[in-house]
Amino acid sequence: MRSFFHVQDIGDLDTALQEALEVKRTPFAWQQLGRNKTIILVFFNSSLRTRLSSQKAALNLGMNPILLNVNGDSWRLETELGVVMDGDKSEHLREAIPVIGSYCDIIGVRSFAGLTDKEFDYNETILRQFIEYSGRPVISLESATVHPCQAFADLITIEEHKDTRRPKVVMTWAPHPKALPQAVPNSFAEWMNAADVDFVITHPHGYELDPRFVGDATVEYDQMKALEGADFVYAKNWSSPLDETYGQILSKDMSWTVDARHMAVTNNARFMHCLPVRRNMIVSDEVIDSPRSLVIPEAANRVVSAQVVMRKMLECL
Ligand code: AN0
Ligand code: CP
């Protein structure tokens, strides 16, 4: 695998899920594979789960992880080409990326959408530069439009907890005080469309995700109707993806906060969220604290998804 970005990059999904179970049973079985190999994890943005689970996955594989917090530890990096660098950015990605590549075998990058320039974000301008200039396999650790390690962990979690062969999975928008990227819902939609589930997306008008990610999913604007009979409820906020309102907050309608009233119309659904979550904005305390909540095992599976991806990359080095 040269880069991990979209669902197709993982190859056959059933095989990947089998590999996830294998990794869960024997996490240290590939220690030789990663011996003397280095992964550099570059963070342009905050993270708890991704930075810890990626390091843990690398250590399980016998690799040496090195973390770089851009904006904290390193020089501030310029990401736009052709600019006069007379501002606060001391170094350009054009040099920084090949330098990073010369110190490692695999690179992971977290670089959120800026949410001001849709074209810059949806071209994955930063991640593409890492792929082009590093000469190394690159993992998106949430880039401008996708968060594949999260979506793979979500799929593993659904596989582990489903009671029916083809569960109904509903992704619902929920309110949040700050504008958030579309990477998590984009990837979740992409992976659910590739999996054997009945997938429904619900959100207020103006929050329509890019058609490349929505695919054949059912979009239902009536949240309660969408949730009827759901086996899994996946809550997430995102800002407007539309050209004319890109990155804006169009609604803070608290009636969309997932609470007991919403869960009551489901098929005793499991609740999911990628975390970090704002309690009583996205989801009520009662729902996230209930035994039907999967948020902790879902986060734990981030080690598993990262380990499957890194293992595949190591096998191709
Ligand atoms: C980020 C987002 O919504 O993309 C990261 C989620 C994994 N969330 C926040 O910034 C709160
Ligand atoms: N879910 C997730 O990626 O969490 P972090 O932002 O804490 O890494």
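How many nonpolar, polar and charged residues are in the shell around ligand 1? The shell has six nonpolar, one polar and two charged residues. The classes count Ala, Val, Leu, Ile, Met, Phe, Trp, Tyr, Cys and Pro as nonpolar, Asp, Glu, Lys and Arg as charged, and the others, Gly among them, as polar.

This is a predicted model, in which local features need pLDDT of at least 70 and side-chain atom pairs count only at pLDDT 80 or more, while totals for chains, interfaces and linings use all residues. Residues are numbered from 1 along each chain as its sequence is written, chains are lettered from A and ligands numbered from 1 in the order in which they are written, and side-chain values use heavy atoms, with hydrogens and water left out.

**View 1. Residues around ligand 1.** Around ligand 1 are F112, E142, H147, L180, P181, K236, C274, L275 and P276 (each with a heavy atom within 4 Å). Two side chains make polar contacts, meaning pairs of N or O atoms within 3.5 Å. In E142, a side-chain N or O atom is 2.7 Å from an oxygen atom of ligand 1. In K236, a polar side-chain atom lies 2.7 Å from an oxygen atom of ligand 1. On its own, ligand 1 has 330 Å² of accessible area, and the protein covers 83% of that (Shrake-Rupley method, 1.4 Å probe).

**View 2. Residues around ligand 2.** The residues surrounding ligand 2 are S47, L48, R49, T50, R110, H147, Q150, C274, L275 and R302. By class, three are nonpolar, four polar and three charged. The backbone contributes through L48, with an N or O atom 2.6 Å from an oxygen atom of ligand 2, and through L275, with an N or O atom 2.8 Å from a nitrogen atom of the ligand. A polar side-chain atom of Q150 lies 3.0 Å from a nitrogen atom of ligand 2. Of the 250 Å² of accessible area that ligand 2 has on its own, the protein covers 94%.

View 3. C149 is buried, with a relative accessible area of 3%, whereas C316 is exposed, at 52% (buried is under 20%, exposed over 50%, with a 1.4 Å probe and protein chains only).

Methods:
A polar contact is a pair of N or O atoms within 3.5 Å; within protein, one must be able to donate a hydrogen and the other to accept it, and residues adjacent in sequence count only if both atoms are side-chain atoms.
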